Amino acid sequence: MTAPDISELQESLLAEVASADSLDALEAVRVSALGKKGAITAQMKGLGALDGEARKEAGQALNRVKDAVQAAIGARQAALDAVALEARLAHETVDVTLPPRPRLEGHLHPVSQVTEECIAIFGEMGFTVAEGPDIEDDFHNFTALNIPPEHPARQMHDTFYLNPPDDRPAPVLRTHTSPVQIRTMETSKPPIRIIAPGRTYRSDSDATHTPMFHQIEALVVDETTHMGHLKGCIIDFCRAFFDIPDLPVRFRPSHFPFTEPSMEVDIGCSREGGELRIGNFGEGADNWLEIMGSGMVHPKVLEYGGIDPTKYQGFAFGMGIDRIAMLKYGIPDLRTFFDADIRWLRHYGFVPLAVPSMVRGL
Amino acid sequence: MKFTLGWLKDHLETEASVGEIVETLIEIGLEVDTVDDPAAELSAFRVAHVVSAEQHPDADRLRVCRVDTGDGTVQVVCGAPNARAGMKGVFAPVGTWVPGIEVELKAAKIRGIESSGMLVSEREMGLSDEHDGIIDLPEDAPIGVPFAEVLGIDDPVIDIELTPNRPDCTGVRGIARDLAAAGLGMLKSFDSAVPVAGSYDSPVNWEIAGDGNACSYVVGRHFKGLTNGPAPKWLQDRLRAVGLRPISALVDVTNYVSLDLGRPLHVFDAGKLKNKTLTMRRARDGEDFMALVEKEYTLDNEMTVIGDGDTAEALAGVMGGLESSCTEETTEVFLEVALFDPVSVATTGRKLQMESDARYRFERGVDPESAEWGAEVAARLILEFCGGETSMPTSAGAMPDWQRSVELRNDRVATLGGVDVPAERQAEILEALGFETERLNGRMNAAVPSWRPDIGGEADLVEEITRIHGFDRIAPVSLDRDAALPAVAITPEQRRTSTVRRALAANGLDEAVTWSFMGRAHAELFGEFSETLLLANPISSELDAMRPSILGNLLLAAGRNADRGFADVGLFELGPAYQDATPDGQQLVAAGVRHGHVQLAHWSDKARVADALDAKADALAALEAAGAPAANVQISRDAPDWYHPGRSGALRLGKNILAYFGEVHPAVLRGLNVRGPAVGFEVFLDNLPPRKDKGSSRLPLRLESLQPVRRDFAFLVNAEVQAGDLLRAARGADRDVITDVALFDVYEGKNVEEGKKSLAIQATLQPTDATFTDAEIEEFSAKIVAAVEKATGGALRG
């Protein structure tokens with residue numbers, strides 16, 4: 001075969017490849033060119049009749065043809081594959097506006113979330129969480145907190161009593177989380193640094209009071225903690241909790257039986273337009289909102305807890321968890337906290353993966 | 001406790017403004033509730049001169065007045081019959097809010113004549129019902145001056161909410177003393193206590209019965225030849241300003257001294273007393289008392305009365321009686337200046353639900369010394385206002401010994417109060433508050449004044465010094481920690497609780513917080529009810545017992561949601577349930593309910609109503625999150641009787657019950673009046689085994705290089721055979737090789753004979769050293785079939 005013959009063969013084979021309009025047609029071309037009885041294969045077999053240089057030359061030429069044809073078939077095959085895929089995909093559609101299969105996720109109640117937020121903040125300050133029973137005895141709820149028997153808080157209109165099982169004083173539903181202070185002092189030695197969140201009860205029921213609510217209590221007892229520390233700790237907490245670095249915090253002298261000196265704590269707010277907002281709005285007379293009671297632990301309370309008041313001192317404070325939740329998250333009505341209205345729980349609740357942490361932000 | 005600025009200035013020499021005074025009151029712990037400034041509210045109303053008043057051309061009853069307001073002359077059309085030229089009246093310009101008729105004045109034409117502003121009546125100003133004509137002032141009233149000033153109601157009223165420890169501030173003088181100590185002026189001297197000489201022996205005397213009544217000491221004085229008219233205007237104005245109605249000079253004096261000095265008094269009309277001796281005694285059980293407020297009370301033996309013979313003429317420390325009260329005809333009186341036990345007065349007042357100014361003061365603790373000076377102050381005022389003469393004082397009992405000293409180490413102000421206050425300044429503050437101090441080396445003795453029963457120890461003195469020095473001068477100090485990193489704040493149990501809560505929410509349940517109480521009738525649906533859980537004073541019968549189970553409240557909540565049109569809910573709560581009233585009787589429980597559909601109708605799936613196994617899944621999710629050994633948990637059919645007997649179960653570790661789950665018993669739903677069905681679970685977190693501390697390291701992971709083999713089997717078993725038994729048998733057939741058994745079909749019906757069912761499982765066989773041969777696989781399969789047959793009597797389906 002002469003060089004022009006070989007060149008002609010290549011052209012005709014490439015033309016056949018180019019004109020193959022299906023994978024089957026392309027396969028037929030491949031067989032007719034490269035199959036056992038194909039044109040190129042036949043020429044290859046004929047090389048044996050040549051000799052020396054001629055055979056070498058013709059062999060090389062044929063190999064070039066073979067490579068070119070194979071490459072053309074590969075390219076043609078890819079092109080035909082692409083067309084076929086395109087044709088298939090053109091038939092495969094889904095209505096992407098269909099709603100997906102539901103994935104139900106519940107929510108955490110704001111009381112749980114806010115409690116954990118408080119734990120995250122106080123945890124950074126070295127507090128640990130203590131707990132106590134809801135049904136308390138008279139001693140832990142009142143006497144040990146220096147609340148004398150005749151104190152109005154002990155009367156029927158404030159405290160829930162249970163029917164006494166025998167001659168002993170009737171058990172009470174704890175009216176505050178403060179009995180946990182006493183239980184902690186009874187079972188541990190200073191230095192003490194605890195917080196105690198939990199359910200509390202008072203026989204009150206109106207627009208702003210519910211018979212059950214939540215408090216969080218803090219207690220620090222050591223040899224050196226003074227009112228400056230009390231102020232520092234509360235200011236640090238309030239600013240972190242509300243995430244307002246310049247939140248004004250005011251301390252007013254007040255009176256509680258279990259602390260001396262005692263102070264009430266106000267934070268800055270605005271009531272403009274009838275809407276309550278927490279923040280720094282200047283120190284106008286109307287720009288304060290009371291949020292907790294605090295003070296230095298009364299020496300008698302330390303004594304009741306079995307701690308030497310001539311050696312140890314410290315502070316305590318307590319606030320309503322529901323209340324700070326309302327303030328932080330703009331929840332208008334306390335009573336709705338306990339109604340378990342599914343619309344409310346979903347609206348004000350928190351997704352379970354949002355675990356509060358000071359490192360990640362509350 | 002209400003007082004006016006003018007009243008305060010009787011005792012306090014000060015130039016401070018109302019604003020400064022209010023701010024200081026707050027800073028020293030006298031919380032200001034409200035400040036009312038009537039002058040500010042009525043500031044637009046000013047004295048004006050009616051220059052001329054002419055007949056309106058088109059209206060008989062109207063006059064056209066030219067009015068000099070002090071700011072110029074305006075024309076006003078006025079309909080009052082007494083409007084006339086030359087008179088002085090009260091003028092309100094355009095733009096004024098007129099409270100009595102609730103109108104903001106606008107310039108107007110009245111019958112064609114321009115009118116700018118208004119001459120007003122007392123009713124229009126909201127001062128009284130007087131509306132016969134416009135206010136007609138004396139000729140010398142100065143034009144342009146605010147009318148409130150002329151009227152003497154320009155005195156701002158301050159109302160403070162007094163903490164129970166400050167009896168001294170139940171009188172204006174005590175408040176003045178606190179303000180003076182805080183540097184807001186000088187406390188004026190108090191000279192009205194100078195003794196008033198008596199001219200005769202009192203014909204009425206005191207006796208204190210030895211029955212342990214509330215009175216420790218009482219002073220009295222008799223007065224005769226009195227004329228009980230109205231009190232002077234200044235005193236009436238004072239009383240009115242703080243919300244009291246003036247009655248007569250005698251009664252007003254007692255109220256005034258009570259408010260001014262915190263010393264409650266009572267005057268008996270001596271002419272109406274039947275006996276020569278008034279007796280402090282306990283009341284008889286069931287004794288009747290007709291109070292001054294014309295209401296009858298029934299007393300008991302715990303209360304103290306002032307008896308005139310057999311009749312109770314006053315309820316000690318709370319209120320006088322109607323019978324012996326003073327009237328305008330009264331000419332002789334007997335004055336009571338007593339000391340009563342605070343607790344007794346408080347208890348009596350509370351029992352009878354009687355509020356009074358006397359109770360307010362006695363229950364906080366009245367200054368014991370005031371028994372003596374109170375009699376002098378009252379005598380001086382009574383004689384001044386009513387004439388007549390007074391007897392020598394008469395008394396019974398003895399003044400309690402109130403003198404005491406408290407020691408203060410001066411450095412405690414810094415070490416407890418957190419602020420450095422020099423010792424001289426400490427003494428100065430205490431002296432200003434009425435203490436007498438004696439300075440010693442590094443400490444001082446402070447003699448407590450008679451009016452401060454609240455001061456008991458060193459901490460009280462630190463409070464006095466720091467509150468007057470100013471809490472804002474205590475520098476805040478952030479808490480420091482022992483180490484750079486904080487210790488873990490919560491216990492493993494608390495962390496477990498938190499994880500369970502988040503796991504249940506992640507499982508699709510919404511967290512609720514419901515009452516710890518429920519109604520007894522509902523509580524009794526949840527097992528044997530302990531009477532110790534009943535509240536003695538519930539707020540309603542629906543909330544009269546501590547809940548023995550959380551489920552009831554959650555089911556009620558689901559019912560409420562269904563009533564609102566949201567029947568498909570999943571709720572859980574993590575909180576207490578109570579077995580009895582002891583601290584150990586409180587359990588921590590995670591409970592949940594699913595009501596309605598767990599899966600709503602969707603284009604890809606059919607709707608599905610919650611069933612017992614949804615509740616089981618929730619309970620298992622909670623246990624798994626809690627780190628319980630879920631693989632070892634056994635399932636039994638013995639859930640308590642608030643669950644459906646055939647569709648419920650218990651999850652347990654031996655005898656230890658970890659959880660119940662299942663459909664709620666229809667009778668319980670009926671008892672709660674909730675439409676079912678509903679399913680629920682209770683996980684008892686306190687029953688979970690404590691997590692063993694095995695360190696943080698996990699067991700080594702073993703990854704087999706050989707592929708597992710899976711084989712399917714369908715067994716025909718009796719219908720009552722439990723799937724769990726079959727699965728356990730299959731799994732146990734060769735624990736080394738069979739790593740998993742999954743149930744993939746449960747079938748009853750066509751091609752399965754009556755009373756039987758088909759259970760299809762897939763077993764996973766894991767080779768370790770070499771691929772299984774066919775013979776080996778056959779061998780394992782035979783083991784599974786044999787084990788299942790042995791445990792359940794089932795056979796491979798043909």
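**Figure 1. Chain A of the predicted model has 11 helices and 10 strands.** The radius of gyration of this chain is 42 Å, well over the 21 Å that the globule rule gives for 362 residues, so chain A is more spread out than a compact globule. Its C-alpha trace spans about 130 × 55 × 45 Å along the principal axes. Among the 362 residues of chain A, 43% count as buried. Of the contacts in chain A with a separation of 6 or more, 67% link residues 24 or more positions apart. The structure shown here and in the following views is a predicted model.

**Figure 2. Chain B meets chain A through 76 of its residues, which are in contact with 69 residues of chain A.** On the side of chain B that touches chain A, the elements giving two or more residues include the helices H8 (342–352), H13 (458–469), H14 (492–506) and H16 (551–563) of chain B. Two strands of chain B, E30 (510–511) and E33 (569–578), also belong to this group. H14(B) gives the most to this side, with 7 residues.

**Figure 3. The largest nonpolar core has 168 residues, and those with the most contacts inside it are Ala316(B) and Ala378(B).** Helix H10 (residues 370–386) of chain B gives the most to this core, contributing 9 residues. When neighbours within four places in sequence are left aside, Ala378(B) is in contact with Val253(B), Val257(B), Leu265(B), Leu335(B) and Val337(B). A second, separate core has 80 residues, including Leu162(A), Leu556(B), Ala619(B) and Leu685(B). In soluble globular proteins, nonpolar side chains tend to be buried together.

**Figure 4. Helix H2 (residues 18–27) of chain B has Ile21(B), Val22(B), Thr24(B) and Leu25(B) as buried residues.** These residues cover an arc of only 165° around the axis, which puts them on the same side of H2(B). The buried residues of H2(B) pack against strand E3 (31–36), strand E13 (157–161) and helix H5 (172–181) of chain B.

**Figure 5. Four strands of chain B form an open sheet with antiparallel pairing, in the order E42-E43-E41-E44.** The edge strands, each pairing on one side only, are E42 (738–747) and E44 (795–796) of chain B. E42(B) pairs with strand E43 (residues 756–765) of chain B in the antiparallel sense over 8 bridges. Within this sheet, Asp745(B) has Ala760(B) in E43(B) as its bridge partner. Helix H19 (residues 723–732) of chain B lies across strand E41 (709–718), E42 and E43 of chain B, and runs at about 150° to E42(B). Helix H20 (residues 774–792) of chain B also packs on the sheet, where H20 touches E41, E43 and E44 of chain B. The direction of H20 makes about 25° with that of E41(B).

**Figure 6. The loop between E42 and E43 of chain B holds Asn751(B).** Although Asn751(B) is not a glycine, this residue has a positive phi of about 70°. Asn751(B) is exposed, with 7 other C-beta atoms within 10 Å. Most residues other than glycine have a negative phi, and most peptide bonds are trans.

**Figure 7. A hairpin of chain B joins E28(B) and E29(B), with 2 residues between the strands.** E28 (residues 436–440) and E29 (residues 443–447) of chain B pair in the antiparallel sense over 5 bridges. Thr437(B) stands opposite Ala446(B), which belongs to E29(B). In this hairpin, Gly442(B) takes a positive phi near 75°.

Figure 8. Pro191(A) is found in the loop between helix H7 (179–187) and strand E4 (192–201) of chain A. With 19 C-beta neighbours inside 10 Å, Asn146(A) counts as partly exposed.

**Figure 9. In chain B, a cis peptide bond joins Gly676(B) and Pro677(B).** The omega angle of this bond is about -5°. Pro677(B) lies in the loop between helix H18 (666–672) and strand E40 (678–684) of chain B.

Key: Residues are numbered from 1 along each chain as its sequence is written. Chains are lettered from A and ligands numbered from 1 in the order in which they are written. A nonpolar core is a set of buried Ala, Val, Leu, Ile, Met, Phe, Trp, Tyr and Cys residues joined through C-beta atoms within 7 Å. A residue is buried if 20 or more other C-beta atoms lie within 10 Å of its own, exposed if 12 or fewer, and partly exposed in between; C-beta atoms are placed from the backbone. Two residues are in contact if their C-beta atoms, placed from the backbone, lie within 7 Å. The radius of gyration is taken over C-alpha atoms; the globule rule is 2.2 Å times the number of residues to the power 0.38. The arc is that of the directions from the helix axis to the C-beta atoms. Two strands pair if DSSP finds at least two bridges between them. Axes are lines fitted to C-alpha atoms, for helices over the stretch in contact, and angles run from 0 to 180 degrees between N-to-C directions.
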